[in-house]
Amino acid sequence: MIRKLMPLLSLLAAVAAVSACRGAGAEPPSQPDHAPRRGTDVRLARDSEIFRALVPPHSTLAAVLRTHQLLAHETAALVRTISEKFDLRRVRAGQPYRIERLLDGRLREFEYEIDHVRRLIVRRSNDHTPADTGDDTGTDNAAFEAELAEIPSRVEQVIVHGGISRETPSLVQALEATGERIELGLALADVLSGEMDFNTDLQPGDTFRLVVERSVREDGVFAGYGSVLAAEYVNAGRLLQAVRFTPPNGAPGYYDAAGRSVKRFFLKSPLKFEPRITSSFARARRHPVLNYTRAHNGVDYGAPPGAPVASVASGVVTFAGWTNGGGRTVKLRHSGGYESEYLHLSAITVKSGAHVGQGALVGRVGATGLATGPHLHYGLRRNGSYVNPVREHQNMPPGEPVSGVHLALFHGERERLFTALTDAAVRTMNND
Ligand SMILES: [Zn+2]
């Protein structure tokens with residue numbers, strides 16, 4: 001029996017790196033977590049072996065299963081069952097999997113981690129079939145049941161602090177040095193983007209502290225960030241602060257210590273990722289050489305077809321339909337005498353008259369109307385005249401402050417989060 005265990009143990013040692021990524025949940029009793037002590041009996045009740053590994057590069061699930069000496073018809077039945085629940089082409093190299101194999105070679109359970117939050121579990125559904133029928137020809141009618149399950153996780157609030165230096169000149173590098181990931185750098189930059197430009201304004205010696213929600217699985221594996229709850233950034237001696245606050249029956253927003261919005265009236269652009277401008281705004285003017293008049297009443301952004309287009313500010317849909325030249329078009333009216341328009345869409349996701357919030361999906365990038373290829377034409381009017389959206393967005397007025405009736409609530413939340421930030425010795429707090 002010990003000899004039988006050895007390959008298993010050495011295999012477990014070989015994939016020890018995997019243990020940090022293994023799926024949560026109760027382990028079957030057959031899993032040895034330490035070598036049997038000398039002089040004690042090895043349990044003989046063991047009826048299965050467990051293998052854990054990562055999907056190797058350029059492999060398929062069927063190939064992975066074959067390397068574990070599963071019976072051919074079992075592999076086929078397993079693949080068939082899984083394909084009803086999960087697209088096998090989405091099996092990715094580097095993802096952990098776990099196989100529990102009965103000693104007669106039949107499969108008891110297969111588990112594959114799809115991503116940080118979901119896993120695929122396949123169990124034998126006829127486990128009670130007598131195993132030793134003497135029939136080893138592979139006619140045992142394998143039947144499996146597959147399910148997609150959430151990997152349980154909890155949300156904790158974590159304090160992260162770091163700084164910009166010659167070794168870590170960017171926010172992303174500075175956060176990586178603290179053990180955090182690129183997504184957190186993007187989130188922090190997004191929270192404070194109305195106050196400073198994280199591409200150009202960073203200075204060596206800048207410091208930051210923030211409270212962020214992190215999802216952590218039961219097995220301790222990081223499963224993603226939630227919201228940044230509070231952030232403090234000292235930029236060349238200037239203190240920037242932001243607290244996330246959700247007024248009763250309202251939407252969450254970020255505010256400075258005095259309750260003023262740190263978000264701007266307009267998003268940077270209607271596209272989520274800093275887009276490429278392929279054609280700039282141009283007022284009508286006679287071309288000095290070609291001698292014709294040409295205006296471009298907006299900016300064109302290069303973007304893949306289907307990319308989501310977001311409302312740059314909260315407002316009302318004044319038009320959602322077809323225009324000559326513009327193809328599928330959405331127009332919105334905002335406060336302050338502003339109107340925004342989104343042209344050449346492949347799809348429209350709002351109806352005329354609807355109220356939309358800032359960042360709401362209004363359509364998708366396309367090439368309808370007079371367009372040579374997929375792009376977004378984004379136009380902005382102020383009091384009826386077209387203005388340069390890029391310049392207008394740079395001069396964006398701040399958003400609404402916390403309203404007076406909610407200030408007491410806001411102050412409570414601000415104190416709680418800034419106290420946590422100040423107490424940098426405390427690395428984690430329990431979420432209540
Ligand atoms: Zn255009």
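Four residues of helix α7 are buried: Phe410, Arg414, Leu417 and Leu421. Looking down the axis of α7, these buried residues fall within an arc of 80°, so they line one face of the helix. Keep in mind that all of this comes from a predicted model.

And what sits on the other side of α7? The face turned away from the buried side carries Ala408, Gly412, Glu415, Thr419 and Thr422, which are exposed. As for what covers the buried residues, the list includes β6 (153–163), β7 (207–217), β8 (222–235), β9 (238–245) and β10 (253–255). The length of the helix checks out too: α7 covers residues 407–422, and at 1.5 Å a residue its 16 residues should span 22 Å, which agrees with the 22 Å between its end C-alpha atoms.

In what order do its three strands run? They form an open sheet ordered β15-β21-β19, with antiparallel pairing. Since β15 (308–310) and β19 (347–348) stand at the edges with a single partner strand each, one side of each is left without a neighbour in the sheet. In general, strands of a sheet pair through backbone hydrogen bonds, either parallel or antiparallel. Here, two bridges join β19 to β21 (residues 361–364), and the two strands run antiparallel. Within β21, Arg364 is the residue that stands opposite Ala347.

Arg52 lies in strand β1, which covers residues 48–54. Is Arg52 buried or exposed? It counts as buried, because it has 21 C-beta neighbours inside 10 Å and the cut-off for buried is 20 or more. Arg52 and Pro96 are 44 residues apart along the chain, yet their C-alpha atoms are separated by 7.1 Å.

Then there are two residues other than glycine with a positive phi: His58, near 50°, and Gln69, near 55°. His58 lies in the loop between β1 and α2 (61–66), while Gln69 is placed in the loop between α2 and α3 (72–85). Both come out as exposed, because His58 has 7 C-beta neighbours inside 10 Å and Gln69 has 9 other C-beta atoms within 10 Å.

| Residue | C-beta atoms within 10 Å | Class |
|---|---|---|
| Arg52 | 21 C-beta neighbours | buried |
| His58 | 7 C-beta neighbours | exposed |
| Gln69 | 9 other C-beta atoms | exposed |

Of the 432 residues of the protein, 27% count as buried. How many of the contacts between residues at least 6 apart in sequence join residues at least 24 apart? That share is 62%.

Last, how confident is the prediction? The protein averages a pLDDT of 80, and 80% of the residues score at least 70. Over residues 1–44, though, the pLDDT is below 50, and beyond near neighbours in sequence this stretch has 36 contacts in the model. Residues 129–139 also have a pLDDT below 50, and that stretch has eight contacts beyond near neighbours in sequence.

How values were computed: Residues are numbered from 1 along each chain as its sequence is written. This is a predicted model: local features need pLDDT of at least 70, side-chain atom pairs count only at pLDDT 80 or more; totals for chains, interfaces and linings use all residues. The expected span of a helix is 1.5 Å times one less than its number of residues. A residue is buried if 20 or more other C-beta atoms lie within 10 Å of its own, exposed if 12 or fewer, and partly exposed in between; C-beta atoms are placed from the backbone. The arc is that of the directions from the helix axis to the C-beta atoms. Two residues are in contact if their C-beta atoms, placed from the backbone, lie within 7 Å. Two strands pair if DSSP finds at least two bridges between them. pLDDT is the predictor's confidence in each residue, from 0 to 100.
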